[in-house]
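Please look at the sequence and the three-dimensional structure shown below before reading the report.

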Amino acid sequence: MISCFIYMQKRLHNIRTEGLENLTAELDQLRQLIVSHAQSAPIDMADQQLALTRLVPGLTMESWNKLSERFGLSDWLALDLDNSTYFNLANLQKIIEDLTHKSERDPLTGLYNKQAFEHKLSMELQRVERSNGQLSLAIIDLDDFKNVNDTYGHACGDEVIRTLADMLDASTRGYDHAARVGGEEFALLLPGAGPLRAKALMDRLCSMFADTLIKCSEAAIQCTFSAGVASLKGRSKATGKELFEVADKALYQAKNAGKNRVRVTRQLVEFEYDRSTMVHSNEKQFLFSGSK
Amino acid sequence: MKPNNTLTISILSGKGGVGKTNIALNLGYCMYRGGFPVMLMDCDLGLANLDVLLGVTPDTNMQSLLDTDTPADEVAFPIEPDGFDFLPAASGVPELVEMDSDLRNLLFQRLDPLFNNYEYLLMDLGAGITPTVLAFAAMTRIRVVVVTPEPTSLTDSYALMKVLSTQHNVKDFYIIVNQAEDKSEETSTYNRLATACERFLGFTPEFLGGICQDKMVPESVRKQTPLMKNAPNSRAAKDIFSIAVKLQKIKKSMLEDISKSIFTENTSDISN
């Protein structure tokens, strides 16, 4: 019941913001690019300017005019794509969007596929390094999935996979990334989440999924998953592959401990900080007493 | 082109509340009264309080340089006419505390033309060992570390020097001992710190001077007037004056170095 509610909320949410998930990140990157460019560009380039257009679905010229007036957004140039002048442009953009969507998504679940996920992961890793933030990666694997396929058939197996995918998609925040990275293996990328928050989220998902009855033909299937979580913090030089490996180890521990559970790795993928700057006890002792 | 003549000095401490900002302000005032134009830069980005010590409320601050096209000389706020200005920082902006190298470069690019008008650029750094504090400290020609006789202050300033020397290869520091009861406590505080540096870090920071405990200091803070103006004949004021004289001597001896660039070559490799 709860999962259903969250699912509905997410879908409603999606209607309004589809195509805008990355807007903040895009603007952020653009700003960085311009700042670094401005430093290296010769001075006579300062007069150059460029108009960039970005599609904003669900916004009419009328409401834009109001927004623009209210927030002083006169630097933004608005083009109404509904009129015939830009019809071809809008059409072309739509085709590009569709193709991008298809090439990034797993056809069964609609989640990101492995390649797209790896790309997201490398982007988030760069962001963590830059912002000195946190990032968690969860790898999720359905327990005894072969039994489901053998007992109920592949169609029902697909239904189980779809159910988990919908739950992952619905229960996470807009800037989290969920992907299907293998047959019965999923990955969840949680920017800004440390090990504690990631564990809490995964525990919730784990028990929610275990309590879900998945209806398929005449049967009601109950299935569980195990998950391994790896987190990193700060100016990490870790690669996506390393993060995957650490999360995989944690997943292995969860499976070994009896499945249907979440394990967070104790091995923190963390930037090896420079211990040479640390003040040791003998140095403190010396400062306090003037002798060793 | 006129050769650079600006001596850049960062005032640091590791621990907060040791009188860093007040010392920066009064040293600046001494130099100004000595006829040298001074720029006082509030580098406690994010939690600025030089304006509070001065009892002024500038409309713009360094944040405006990053956000808008405001010219640098409009952000400089005159404390005294003809040659004692200060650059206010923003208060309550956590983002500024963890400035990245891009933002830092942009800030100094905007400020650079302004700095050449001054003989002294005093940078009042925040407490702690944040990347911003370390980067600013590594940039300046002279680093003055303010300590008090308290063990916490000694440890924090030692930690700060250790980080700067191991991470930024900066090994020259001047020490001011503040709030000591008498000259012998001043000396023993300096000796303890200097010996620890010599023994564990392989360099000896130089003693710049001591500023005795003096009730005129908190009184001037409450009056929001520089001590040097409010009570120029007090013990602490005389101590600060001696330090300013010593800095002027140091500046003379460094003139050739400064003429090439007001900041050290360190500026290029502080990008992390």
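The report that follows takes up confidence, the second chain, the first chain and the contact between the chains.

## Confidence in the model

This is a predicted model, and the scores for it are an ipTM of 0.77 and a pTM of 0.60. Chain A has an average pLDDT of 82, with 85% of its residues scoring at least 70. Within chain A, residues 1-16 have a pLDDT below 50, and this stretch has twelve contacts in the model beyond near neighbours in sequence. For chain B the mean pLDDT is 88, and 93% of the residues reach 70 or more. Residues 268-272 of chain B have a pLDDT below 50, and that stretch has five contacts beyond near neighbours in sequence.

## The sheet of chain B

Chain B contains twelve helices and eight strands, and 46% of its 272 residues count as buried. When contacts in chain B between residues at least 6 apart in sequence are considered, 78% of them join residues at least 24 apart.

Strands of a sheet in general pair through backbone hydrogen bonds, in either a parallel or an antiparallel way.

One pair in this sheet can be followed in detail: strand β7 (residues 174-180) of chain B runs parallel to β8(B), and six bridges join the two. Opposite B:N178 stands B:I211, which lies in β8(B).

Leaving aside residues up to four places away in sequence, B:A180 touches several residues, including B:P149, B:E185, B:T189 and B:G210.

## Helices in both chains

Helix α7 (residues 131-139) of chain B is mostly covered, with eight of its nine residues buried; among them are B:V133, B:L134, B:F136 and B:M139.

Two packed helices are described by the angle between their axes and by the distance between those axes. The table gives these values for one pair in each chain.

| Helix pair | Angle | Axis distance |
|---|---|---|
| α8 (residues 151-167) and α9 (residues 183-201) of chain B | about 35° | 11 Å |
| α7 (residues 154-171) and α8 (residues 195-210) of chain A | about 140° | 11 Å |

In chain B, α8(B) passes α9(B) in a right-handed crossing. The residues of α8(B) that take part include B:L154, B:Y158 and B:M161, and they meet residues of α9(B) that include B:L193, B:A196 and B:L201. Sorted by class, this contact of α8(B) with α9(B) has seven nonpolar, two polar and two charged residues.

In chain A, α7(A) likewise passes α8(A) in a right-handed crossing. Here A:L164, A:M167 and A:S171 of α7(A) meet A:L205, A:M208 and A:F209 of α8(A). The residues of this contact divide into five nonpolar, one polar and no charged.

## A hairpin in chain A

Strand β4 (residues 213-216) of chain A pairs with strand β5 (residues 219-222) of chain A in the antiparallel sense, over four bridges. Within this pair, A:I214 has A:I221 in β5(A) as its bridge partner. Together β4(A) and β5(A) form a hairpin with two residues between them, and A:S217 in the turn has a positive phi of about 45°.

## Where the chains meet

How many residues of each chain are in contact with the other chain? There are 16 residues of chain A in contact with 19 residues of chain B. On the side of chain A that touches chain B, α2 (23-40) and α10 (281-289) of chain A each supply at least two residues, and α10(A) gives the most, with five residues. By class, the residues on this side of chain A are five nonpolar, seven polar and four charged.

How values were computed
Residues are numbered from 1 along each chain as its sequence is written. Chains are lettered from A and ligands numbered from 1 in the order in which they are written. This is a predicted model: local features need pLDDT of at least 70, side-chain atom pairs count only at pLDDT 80 or more; totals for chains, interfaces and linings use all residues. Two residues are in contact if their C-beta atoms, placed from the backbone, lie within 7 Å. Ala, Val, Leu, Ile, Met, Phe, Trp, Tyr, Cys and Pro count as nonpolar, Asp, Glu, Lys and Arg as charged, and the others, Gly among them, as polar. Two strands pair if DSSP finds at least two bridges between them. A residue is buried if 20 or more other C-beta atoms lie within 10 Å of its own, exposed if 12 or fewer, and partly exposed in between; C-beta atoms are placed from the backbone. pLDDT is the predictor's confidence in each residue, from 0 to 100. Axes are lines fitted to C-alpha atoms, for helices over the stretch in contact, and angles run from 0 to 180 degrees between N-to-C directions. A crossing is left-handed if the near helix is turned anticlockwise from the far one by less than a right angle, and right-handed if clockwise.
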